[in-house]
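Have a look at the model first.

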Amino acid sequence: MSDAEWASVRDLLPVPGWLAGRGGRPEGYCHRQMIDAVRFLVDNRIKWRAMPSDFPPWPRVYAFFARWRDTGLGGRAA
């Protein structure tokens with residue numbers, strides 16, 4: 001993801017609960033990494049469990065994707 005793409009997408013993402021004062025722990029992975037991972041998954045038509053080790057663990061990527069999907073930010077992936 002280019003810096004220009006990231007700048008246009010960054011403000012559309014939901015604010016993490018801990019930043020919004022709703023409690024919880026800080027997130028362990030950058031949102032940009034998560035978007036890159038989901039884009040890789042869709043572009044290459046792989047399954048979640050086939051996510052390369054260059055990305056965060058697939059269960060974490062899926063959890064971010066599911067949260068974004070549930071807030072209306074994403075479509076279907078794999």
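Start with V61: leaving aside neighbours within four places in sequence, V61 is in contact with M34, A37, V38, W48, M51 and P56, where contact means heavy atoms within 4.5 Å. Keep in mind that this is a predicted model, where local features need pLDDT of at least 70, side-chain atom pairs count only at pLDDT 80 or more, and totals for chains, interfaces and linings use all residues. Residues are numbered from 1 along each chain as its sequence is written, and side-chain values use heavy atoms, with hydrogens and water left out.

V61 also turns up in the largest nonpolar core, which has 14 residues; V61, W48, M51 and W68 are those with the most contacts inside it. (Such a core is a set of buried Ala, Val, Leu, Ile, Met, Phe, Trp, Tyr and Cys residues joined through side-chain atoms within 4.5 Å; buried means under 20% relative accessible area, exposed over 50%, and partly exposed in between, with a 1.4 Å probe and protein chains only.) Helices α2 and α3 each supply at least two residues of this core, and α2 gives the most, with 5 residues. Helices here are DSSP runs (H or I, at least four residues), numbered from the N terminus.

How do those two helices meet? The axes of α2 (residues 31-44) and α3 (residues 58-70) come within 10 Å and cross at roughly 95°, the axes being lines fitted to C-alpha atoms over the stretch in contact, with angles from 0 to 180 degrees between N-to-C directions. That makes α2 roughly perpendicular to α3, a label for angles of 65 to 115 degrees. On the α2 side the contact uses H31, M34, I35, A37 and V38, and on the α3 side R60, V61, F64, F65, R67 and W68.

H31, in helix α2, counts as buried at 13% relative accessibility. H31 touches W6, L13, P14, P16, F64, R67 and W68, not counting residues up to four places away in sequence.

Now for the charges: the whole structure has 3 salt bridges, each a side-chain nitrogen of Lys or Arg within 4 Å of a carboxyl oxygen of Asp or Glu.

| Salt bridge | N to O distance |
|---|---|
| D3 and R32 | 2.9 Å |
| E5 and R39 | 3.5 Å |
| R69 and D70 | 3.2 Å |

D3 in helix α1 (residues 3-9) and R32 in helix α2 are 29 residues apart. E5 in α1 and R39 in α2 are 34 residues apart. D3 is exposed at 57% relative accessible area, while E5 is partly exposed at 33%.

How values were computed:
Angles under 35 degrees count as roughly parallel, over 145 as roughly antiparallel, 65 to 115 as roughly perpendicular and the rest as oblique.
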